[in-house]
There are 2 protein chains.
Amino acid sequence: MNLHPDYLLNDVNEPSDIKRMSLDELKELATEMRQLVLERDAAIGGHVGPNLGVMELTIAYHYVFNSPHDKVIWDVSHQSYAHKMLTGRKIGFMDPDHYEDITGYTSPEESVHDFFEIGHTSTSISLAVGMAQARDLLRPEKHNNIVAVIGDGSLSGGLAFEGLNNAAKLHSNLIIVVNDNQMAIDKDQGGLYQGLKELRDSDGKSPNNIFKFMGLDYRYVADGNDLQTMIDAFRDVKDIDHPIVLHVNTQKGKGFAPAEEHKMEYHWRDPFDLKTGEDKHPVVNGYNKAVMAELDRQVNAGAPVVAINAAIPDVFGLKEFQKKHPGRYFDVGIAEQDSITTAVAMASAGARPVVFQNSTFLQRAYDQLIHDMALNDSPVVMIVRGGTIANTSATHQGSFDISMISDLPNIEYLAPTNVEEMISMLRWAIKQTDQPVVIRQPEKTLLHGQPSQDDYSTINYDVVHHGSEVAIMAVGDFWQLGEEVCEQLKNKLNIDATLINPKSVTGIDQHDLHHLAENHDVVVTLEDGNLSGGFGETIARYYGPTNMKVLNFGAPREFADNVPLEVMNEWYHLTPKQIVDDIEKVIHSL
Amino acid sequence: MNLHPDYLLNDVNEPSDIKRMSLDELKELATEMRQLVLERDAAIGGHVGPNLGVMELTIAYHYVFNSPHDKVIWDVSHQSYAHKMLTGRKIGFMDPDHYEDITGYTSPEESVHDFFEIGHTSTSISLAVGMAQARDLLRPEKHNNIVAVIGDGSLSGGLAFEGLNNAAKLHSNLIIVVNDNQMAIDKDQGGLYQGLKELRDSDGKSPNNIFKFMGLDYRYVADGNDLQTMIDAFRDVKDIDHPIVLHVNTQKGKGFAPAEEHKMEYHWRDPFDLKTGEDKHPVVNGYNKAVMAELDRQVNAGAPVVAINAAIPDVFGLKEFQKKHPGRYFDVGIAEQDSITTAVAMASAGARPVVFQNSTFLQRAYDQLIHDMALNDSPVVMIVRGGTIANTSATHQGSFDISMISDLPNIEYLAPTNVEEMISMLRWAIKQTDQPVVIRQPEKTLLHGQPSQDDYSTINYDVVHHGSEVAIMAVGDFWQLGEEVCEQLKNKLNIDATLINPKSVTGIDQHDLHHLAENHDVVVTLEDGNLSGGFGETIARYYGPTNMKVLNFGAPREFADNVPLEVMNEWYHLTPKQIVDDIEKVIHSL
């Protein structure tokens with residue numbers, strides 16, 4: 001049910017509908033849309049501050065420009081809620097029954113006003129340059145505007161700089177809106193922000209201007225949350241015949257006091273109570289907690305441990321570490337490549353860097369994994385989160401991690417099944433200096449257990465139960481699934497299956513694999529990630545020339561966008577019953 | 001035999017040995033070392049221009065600083081020859097019998113004066129920042145200098161910018177030498193270079209200064225090829241207590257007229273005749289030639305084709321295309337991420353971008369493959385070279401490509417076995433607009449053949465010979481190997497093996513794979529790349545639950561540094577004889 005039948009927004013079906021509104025009406029619209037952002041985010045979670053900050057900018061954009069003839073690309077697109085409300089998708093913000101119908105990111109499948117699926121930062125300038133180049137080549141008579149909106153936080157990502165560099169080569173229309181709210185997810189990091197501050201402080205007049213340095217035209221807008229100002233600014237640059245940077249000062253979280261004050265906490269929120277600001281389902285991540293406690297212990301014991309992350313300290317609970325050990329805490333900003341390369345150097349100089357990465361963002365540092373970390377056999381330690389099959393936006397699908405990391409030489413990619421094992425691995429990883437070690441933090445249930453080794457330089461599989469006929473190798477987060485499959489094999493087929501924790505998705509324990517053949521016919525791998533390039537294929541290749549039957553379970557080579565986990569598990573044949581049925585078929589074929 | 005027993009360089013065993021030389025002797029040393037660069041490169045190939053340009057810079061560095069107490073990191077390290085000559089490795093440049101003993105890149109295994117294996121650009125600043133951070137944390141009393149030397153061309157790579165951004169956060173010694181020779185491999189690309197030119201033209205005095213914008217101190221050196229000037233410049237910044245950029249103007253190819261004039265041609269040379277400048281073993285790449293002819297044909301037929309590359313036009317013969325169709329040629333500079341993202345945008349706007357990438361550098365755009373190209377199912381066409389097991393530096397090992405690309409959703413990764421098939425695939429790839437298509441250009445022999453399909457939206461394996469018992473699936477460049485294995489199977493074991501060209505390393509032809517089981521016991525995959533995450537594992541997983549035996553051949557999970565191909569083939573069990581022996585063992589176990 002539409003919660004706000006009285007809102008002006010009800011009359012807006014296309015962006016052109018706002019062109020006949022008065023300034024007061026447009027301001028009213030901004031107020032309404034702020035309320036809708038808060039209501040939806042409070043109900044189902046989402047980006048708060050980035051959306052509240054760009055209401056005026058977005059309304060002014062659609063008031064002045066003609067979408068989709070003119071094209072706007074929202075960097076990372078987590079600030080596109082207002083754009084969505086004005087482009088035919090308001091129901092996804094007004095009616096709780098339809099909240100889930102509209103994603104939190106731009107989506108060409110939803111609307112002709114969106115041009116790309118985007119969820120990672122720093123891509124918008126390159127995308128806009130490409131669109132402008134194609135326009136100039138194919139439809140030079142169209143003279144449409146191409147606009148990129150990029151936050152100051154996203155500017156530190158190297159791709160944004162590559163985009164700016166090539167934008168300057170254009171001799172045609174391109175408008176790069178730098179939405180400067182003086183924040184990344186957490187605080188901005190690095191020298192760039194000193195320069196941006198000088199530009200703000202001089203009302204854009206400082207002669208030292210990175211954008212002009214690169215040959216781009218430049219204008220400054222001091223108050224991007226003033227609607228008339230933004231309308232005037234966009235009118236001034238509309239149909240410009242060369243690339244220009246419009247540097248707009250906005251306030252993150254604008255219009256909602258808690259979000260204005262607690263900018264990082266309100267960057268993204270899980271469902272929360274609008275009145276109290278409290279999380280509806282507060283979660284303490286037991287793995288994070290244990291890792292932080294271990295780092296603390298290591299520092300206190302004199303280990304040269306440092307913690308490095310790229311703009312996402314809260315994902316790992318690193319704020320506490322930062323408070324306790326500020327000299328050992330490094331946030332490189334949105335700059336994943338730099339986070340790895342600088343860690344390699346710190347390791348070479350005797351520090352023990354622990355890098356904290358989300359799988360989906362670590363993709364941005366693949367060559368740094370290969371060329372800097374693996375090739376140099378650098379004893380960097382890394383904790384990776386989000387390597388899992390999950391109900392996320394496809395833009396943030398983290399299930400590529402095993403292929404991304406375990407197919408590379410020299411790196412040991414460990415997959416603990418419980419918190420004690422994870423800490424045991426972390427201790428060893430920090431202590432050794434022979435190779436890079438990456439640890440895949442479990443994302444599902446917090447389990448406890450007893451590690452079967454404390455030195456992981458040689459991986460010995462933990463054969464938790466010795467059975468026969470069928471051996472289940474359950475990786476990391478799929479440990480419980482492995483136990484359930486064993487139980488059902490017992491109950492349904494009266495098979496006493498062997499249950500193995502392989503601990504690592506890189507090194508294989510040839511000894512154990514060899515001896516399994518003595519009294520097993522089928523080996524089953526269960527991994528919480530993609531099958532292509534995954535652990536299961538390593539096992540399938542090992543047994544390829546033998547009589548052993550191998551069955552691999554995991555995710556197929558596809559993107560899944562906001563699919564509930566239970567649905568995905570069914571699709572991917574990952575329920576215990578489906579797995580047991582598949583095993584049964586193989587056994588019957590023996 | 002040392003070709004130059006009379007050289008001053010003979011007396012230099014450690015960098016400290018040059019500290020007692022006079023300016024004239026040091027200049028003589030520069031002349032000698034230039035000659036040695038030329039002689040070695042002419043004999044075995046190597047980087048010419050980058051090394052000739054930094055003789056004075058390198059001598060001055062070692063004259064002023066105290067290596068390895070002070071530490072220099074050479075970006076991409078292809079300009080490190082002089083550094084190597086002065087740090088105990090002169091024999092690798094004076095004695096042709098030892099040319100191959102010393103690699104063309106920095107190597108900690110060779111010398112304590114080298115800190116990292118480096119062969120990709122744009123990493124040096126992040127590495128230097130990491131070393132400085134570790135120094136400040138662990139050994140603040142040491143006060144040693146950390147120096148990064150980065151070329152202007154490498155500055156366009158996003159990681160360099162990420163590094164600069166974080167360098168500004170340091171409150172201690174860091175010297176970033178920007179070696180500005182006004183060239184990347186080819187011409188510099190982008191707005192950054194306009195700004196650098198203004199700095200050079202104003203003798204470093206322009207108030208618009210990207211480095212100062214980012215909070216870094218800055219000095220300019222107008223003639224970096226004047227030894228006294230460089231010595232003075234380094235003395236001035238030695239032991240500085242904060243980060244500084246030393247912007248040094250040098251001439252690429254300095255001291256060898258052909259290299260000064262033809263800067264791109266002399267960036268890197270295969271073995272050549274020093275007198276005439278001619279290649280000793282001139283090669284025409286038949287695949288390049290055919291691809292360029294096809295693009296030409298497409299453009300002339302009105303297709304909206306554009307060609308995109310990241311600073312390596314010569315690898316693909318793109319200069320000819322640029323000349324003919326300048327408006328359709330895009331060199332984004334050293335900015336691989338941007339090359340993919342901008343191509344995605346151009347495809348979305350109706351152009352048909354063909355991106356040209358080296359496998360090893362494409363690693364730098366892995367997230368752009370996933371998040372921009374695959375997720376958006378963007379009909380970008382890409383030609384990848386260097387996806388092969390080859391006698392290269394480990395820094396440039398391109399054999400990760402199948403894991404990197406084929407494990408991703410939506411992308412079709414085609415592996416043609418001959419030139420006609422490659423062009424057939426390219427035609428289809430450009431014509432279709434359903435998905436990203438990457439084509440793996442063969443690197444070994446130029447073969448000819450008749451494609452068995454011209455629409456690759458569904459892959460039908462080409463079963464070139466229908467036999468029984470054993471089926472050989474030979475991928476791309478390993479096609480000839482497949483033929484040889486079949487022949488030896490016939491001769492040695494009297495097996496009439498089936499020979500299959502799978503054409504693609506992503507899609508599998510389930511129909512063919514299913515029917516193979518009717519009269520085959522063993523399927524053998526041959527791929528010219530890494531086994532981990534490769535094509536063979538896909539086949540092993542497919543047959544995992546069945547009676548089919550699968551044998552995968554390819555490269556193990558390791559780096560190989562300048563290993564002759566014949567040696568590697570032996571190591572990796574990739575000779576026809578070894579393969580047949582392995583197959584025989586499996587057959588005997590049946």
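How much area do chain A and chain B bury between them? In this predicted model, the two chains bury about 9,000 Å², 59% of it on carbon and sulfur atoms; buried area is the accessible area (1.4 Å probe) that two parts lose on being put together, summed over both. On the side of chain A, A:Phe213, A:Arg541 and A:Arg557 lose the most area to chain B, together 9% of what that side buries. With contact taken as heavy atoms within 4.5 Å, 110 residues from chain A and 110 residues from chain B take part.

Two salt bridges are counted between chain A and chain B (a side-chain nitrogen of Lys or Arg within 4 Å of a carboxyl oxygen of Asp or Glu). A:Glu537 forms a salt bridge with B:Arg541, with the closest N and O atoms 2.8 Å apart. The side of chain A that touches chain B comprises 48 nonpolar, 44 polar and 18 charged residues, where Asp, Glu, Lys and Arg count as charged, Ala, Val, Leu, Ile, Met, Phe, Trp, Tyr, Cys and Pro as nonpolar, and the others, Gly among them, as polar.

Chain A is assigned domain 1 (8-269), domain 2 (286-440) and domain 3 (462-588), the bounds coming from an automatic or database domain assignment. The centres of domain 1 and domain 3 of chain A, taken over C-alpha atoms, are separated by 46 Å.

The average pLDDT (the predictor's confidence in each residue, from 0 to 100) of chain A is 97, and 100% of the residues score at least 70. For the complex, the predictor gives an ipTM of 0.97 and a pTM of 0.97.

Residues are numbered from 1 along each chain as its sequence is written, and chains are lettered from A and ligands numbered from 1 in the order in which they are written. Local features need pLDDT of at least 70, side-chain atom pairs count only at pLDDT 80 or more, and totals for chains, interfaces and linings use all residues, while side-chain values use heavy atoms, with hydrogens and water left out.
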